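Please keep the structure in view while reading the points below.

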Amino acid sequence: IFFRVSKSTMPSTLYFSNLSYYSQIARIALIDSPLDPEIVIVSLPNTEHLKPPYARINPKLTVPALRLEDGAMLTDSRDILNKVCSETSEPASERGDTIRTIINKLYSVPMGTVAFRATARNNKLFYYINQFLGMNGRREIQKHLDKDPDLREAYVKALEIRNQPPALATNEQFRKAVTTVQPVLDYLDGLLTKAA
């Protein structure tokens, strides 16, 4: 069961998790955008993104996902951000340029890996919890693999992805990523300060 946070009466919907770096990027970009979607929180620790109700919404079994008013589904945060840019008109084309700059910076480095390594390096408990969640996710997929024939293809693909070893950045890539992203973080910090 998803937890819904109703933000407007518009039919577009963002499926989101606070634990997903890329969900956070999409949600920030959607603040004050003309799309103004309803927010549906998908619990990753409870493997809601792997269960049939969500698999029918997004066969990629990932968050974020944005269902548009016409029923089209965007399942990659870059596509969501590009949609936000294309929907922005007003003198907010400056906003679109800002979002594009942030997209280019944030996606130029493996931020999910950077965030994971930075946290796991300093917190072994975090590392072990993530290992457990990964095993739990594989079990959840196995459970539904044959129970839901209409979703079998989505579950097989998800299992293939989860069985691959994680692509960890080298120390050099990690250092470069942190250096590259610092100006973006400073920029975002400035935006938040102005907004406050």
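Ala26 is buried, at 0% relative accessible area (buried means under 20%, exposed over 50%, and partly exposed in between, with a 1.4 Å probe and protein chains only). Ala26 belongs to helix H1; helices (H or I, at least four residues) and strands (E, at least two) are DSSP runs, numbered from the N terminus. The model is predicted: local features need pLDDT of at least 70, side-chain atom pairs count only at pLDDT 80 or more, and totals for chains, interfaces and linings use all residues. Residues are numbered from 1 along each chain as its sequence is written, and side-chain values use heavy atoms, with hydrogens and water left out.

**Surroundings of Ala26**

- Apart from its neighbours within four places in sequence, Ala26 is in contact with Pro64, Ile80 and Leu81, where contact means heavy atoms within 4.5 Å.
- Ala26 and Arg78 are separated by 52 residues in sequence, yet their C-alpha atoms are 8.0 Å apart in space.

**The chain as a whole**

- The chain contains 8 helices and 5 strands.
- Read from the N terminus, the order of the elements is β-β-α-β-α-β-β-α-α-α-α-α-α.
- Of the 196 residues in the chain, 38% are buried.
- Among contacts between residues at least 6 apart in sequence, 67% join residues at least 24 apart.
- The chain exposes about 11,600 Å², and carbon and sulfur atoms supply 56% of this area; accessible areas come from the Shrake-Rupley method with a 1.4 Å probe, and for residues only the protein chains shown count as cover.

**Strand E2 and its partners**

- Strands E2 and E3 (residues 38–41) run parallel and are joined by 4 bridges; two strands pair if DSSP finds at least two bridges between them.
- In E4, Arg67 stands opposite Thr13.
- Thr13 and Tyr15 point one way from E2, while Leu14 and Phe16 point the other way, and all are buried.
- Together, E2, H1 and E3 form a right-handed β-α-β unit; a crossover is right-handed if, with the strands pointing away from the viewer, the path from the first strand over the helix to the second runs clockwise.

**Nonpolar cores**

- In soluble globular proteins, nonpolar side chains tend to be buried together.
- The largest nonpolar core has 14 residues, and those with the most contacts inside it are Leu14, Leu30, Leu35, Leu66, Leu74, Ile80 and Val84; such a core is a set of buried Ala, Val, Leu, Ile, Met, Phe, Trp, Tyr and Cys residues joined through side-chain atoms within 4.5 Å.
- Strand E2 (13–16), helix H1 (21–30) and helix H3 (77–87) are the elements that give two or more residues to this core.
- H1 gives the most to this core, with 4 residues.
- A second, separate core has 9 residues, including Leu50, Tyr155, Ala158 and Leu159.

- In helix H7 (residues 152–162), the buried residues are Ala154, Tyr155, Ala158 and Leu159.
- These residues lie on the same side of H7 because they cover an arc of only 130° around the axis; the arc is that of the directions from the helix axis to the C-beta atoms.
- On the other side of H7, Glu153 and Ile161 are exposed.
- An α-helix has 3.6 residues a turn, so residues three or four places apart point the same way.

**Backbone features in loops**

- The peptide bond from Val63 to Pro64 is cis, with omega near 5°.
- Pro64 is located in the loop between helix H2 (52–57) and strand E4 (65–67).
- Asp36 has a phi near 35°, which is a positive value in a residue other than glycine.
- Asp36 lies in the loop between H1 and E3, and it counts as partly exposed because its relative accessibility is 21%.
- Thr47, although not a glycine, also has a positive phi, of about 55°.
- Thr47 lies in the loop between E3 and H2 and is buried, with a relative accessible area of 3%.
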